[in-house]
Amino acid sequence: MSSAEATPAGTTTNVRKTALNAVHRQMGAKMVEFNGWDMPVEYPASIGCGIINEHMAVRTGVGIFDVSHMGDIRLAGPQALAAVQHISMNDASRLAINQAQYSALLYPEGTFVDDVIVHRLAEDEYLLVINAGTREKDFSWVRDNTRQFDCAVENLSDDFTQIAIQGPKGVNLLRKLTDADLNAVKFYWVTRGKLCGLPNILMGRTGYTAEDGFEIYIPADEATSARVWYEILAAGKEFGVVPCGLGSRNTLRLEGKLPLYGHEISDTINVWEAGLDRFCKMEKLEFVGRTALEKAKAAGIKRSLVGLEMTERGIARDGYKVLDASGREVGYVTSGSPAPFLKKNIALAYVPTELAAVGTAVKVEIRGQGVGAVVVPTPFYKRPKKSA
Amino acid sequence: MPYPTDRKYTKEHEWIQVNGNAATVGITDYAQQSLGDIVFVETPKVGAELTAGKTFGTVESVKAVSDLFAPASGTVTEVNAALATSPEKVNSDAHGSWMLKMTLKNPSELDGLLSAADYEKFVAEEAGH
């Protein structure tokens, strides 16, 4: 069989590394290049890991991820809110201090520059957490589109090691390491506190796994990053914590129908097609992309993002063609994979709007053969509601 | 790990165990380790003709699809149905999880394959890159 690609140690390409790179390699992680970053895709079976085990740990206990490759942009100043409102499609004026929201930066065409989590850190201070592959593009975009506002725009991407602690036991784990009152932090809110002896650490109840959990932002030096990583693993031992890589990160977000830039959203896809209406506040009378979105809605949406479940034996994967019942090519898979928790083979795909109804039978072309699939409701997985 | 000496190996990480004119084929422990969790095995139908060095099916991990290459030419006589429901068996016991059985068309093809010792050396070099 053809061997899997891996990034060998001592690679000479211009691949970037997070401060935890040596730690991942020390732990025996299989490394892969992702958007210019040398990242762990999964950890070894010998320590109880592997994509499936990591995925299940997050769904039933807790798993931790190095997500330092993501970027951070701070907007601060008297017109910071106005600046954010101009470039972001959601309504940041609804944010209380320490509250966050999912949003997107749009091009004038109503298509995506990137998706983003907007955090309000202070009266006039906002933190945008953005994708790894779009760090430079986003920073240039934000800076160039907010010049007219009295607001400083800073690229803080290299200032933090960001660790995600995800799963129903994530809060139990983090509680052992911080003096912050985590019970007071609702989902999509942030707090600051002492963490592993470090003062004033930002901790957000956010994540990309469709589970409860936190993302912490600690100083980016290697020694501190490694110390905290290992302390988190030690504190989480009683909850069955495992380190998790990009492989399980992808299967987790897919089950939760969370978009991935370059797949479900891109510079050729608009907000309506992607089904992200509820994060786009058209009642905000001005933001980049609004005019085009209004026109697009009036003209009618031609294609829609749907969830597919395979009904015949086979795995739909990124880029595979979607066929209608008569075998005609009508769309394509944006993300597809086995779903370890649901134990089904699922996919997200763009299809013509007339084929987007739940229950519509389609086929996915797998190595030349049309394999049966059906449009299903999304998200495929929703975490169980915790009793009060 | 010591590779079983009762079979031969290919550089594409398949093993082939021969008994007269009949052979059994699977993938090696190194292969399953590289792949990670195996979720799908696609084998040819009984009666299919295999050509040495050509692809005969696929093995899929969560993240990727990998081709399987025929170690020898011949006709498929049996496929392991258990792998359709429990593909993870290949992870837990790669050398004990056969994928297909075949009758060999040209047994001398096996002379070109690697012994257990040669395969071990090959894998050590590949892993050390």
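**Entry 1: a starting question**

Is Ala210(A), judged by its C-beta neighbours inside 10 Å, buried or exposed? I counted 22 C-beta neighbours inside 10 Å of Ala210(A), so this residue counts as buried. I used these cut-offs: a residue is buried if 20 or more other C-beta atoms lie within 10 Å of its own, exposed if 12 or fewer, and partly exposed in between, with C-beta atoms placed from the backbone. Ala210(A) has a positive phi of about 65 degrees although it is not a glycine. I located Ala210(A) in the loop between strand 11 (198-204) and strand 12 (213-219) of chain A. Helices (H or I, at least four residues) and strands (E, at least two) are DSSP runs here, numbered from the N terminus.

**Entry 2: the kind of model**

I noted that this is a predicted model, in which local features need pLDDT of at least 70, side-chain atom pairs count only at pLDDT 80 or more, and totals for chains, interfaces and linings use all residues. Residues are numbered from 1 along each chain as its sequence is written, while chains are lettered from A and ligands numbered from 1 in the order in which they are written. The model scores ipTM 0.91 and pTM 0.94. For chain B I found an average pLDDT of 95, with 99% of the residues scoring at least 70; pLDDT is the predictor's confidence in each residue, from 0 to 100.

**Entry 3: chain A as a whole**

I found eight helices and 19 strands in chain A. The radius of gyration of chain A is 21 Å, close to the 21 Å that the globule rule gives for 388 residues, so chain A is as compact as a globular protein of that length. The radius is taken over C-alpha atoms, and the globule rule is 2.2 Å times the number of residues to the power 0.38. Along the principal axes, the C-alpha atoms of chain A fill a box of roughly 65 × 55 × 50 Å. Buried residues make up 49% of the 388 residues in chain A.

I then looked up contacts, for which the C-beta atoms of two residues, placed from the backbone, must lie within 7 Å. Among contacts in chain A between residues at least 6 apart in sequence, 67% join residues at least 24 apart.

How many of the eleven residues of strand 16 of chain A are buried? Nine of them are, so strand 16 is largely enclosed by the rest of the structure. Two strands count as paired if DSSP finds at least two bridges between them.

On one hand, strand 15 (residues 321-323) of chain A pairs with strand 16 of chain A in the antiparallel sense over three bridges. Leu323(A) stands opposite Glu329(A) in strand 16. These two strands form a hairpin with five residues between them, and Gly327(A) in the turn has a positive phi of about 90 degrees.

On the other hand, strand 16 of chain A pairs with strand 17 (residues 344-352) of chain A in the antiparallel sense over seven bridges. Ala339(A) stands opposite Lys344(A) in strand 17. Here the hairpin has four residues between the strands, and Lys343(A) in the turn has a positive phi of about 55 degrees.

**Entry 4: where chain A meets chain B**

I found 15 residues of chain A in contact with 20 residues of chain B. Strand 2 (37-42), helix 2 (51-60), helix 7 (246-255) and strand 16 (329-339) of chain A each give two or more residues to the side that touches chain B. By class, that side of chain A has eight nonpolar, six polar and one charged residues. Ala, Val, Leu, Ile, Met, Phe, Trp, Tyr, Cys and Pro count as nonpolar, Asp, Glu, Lys and Arg as charged, and the others, Gly among them, as polar.

**Entry 5: a sheet in chain B**

I traced an open sheet of six strands in chain B, with the order 1-2-3-9-8-5 and antiparallel pairing. Its edge strands, strand 1 (8-9) and strand 5 (49-50) of chain B, each pair on one side only. Within chain B, strand 3 (residues 22-27) and strand 9 (residues 100-104) pair over four bridges. Ala23(B) stands opposite Met102(B) in strand 9.

**Entry 6: two further backbone details**

Tyr188(A) has a positive phi of about 70 degrees although it is not a glycine. With 16 C-beta neighbours inside 10 Å, Tyr188(A) counts as partly exposed. Lastly, I noted that the peptide bond from Thr378(A) to Pro379(A) is cis, with omega near 5 degrees. Pro379(A) lies in the segment after strand 19 (369-376) of chain A.
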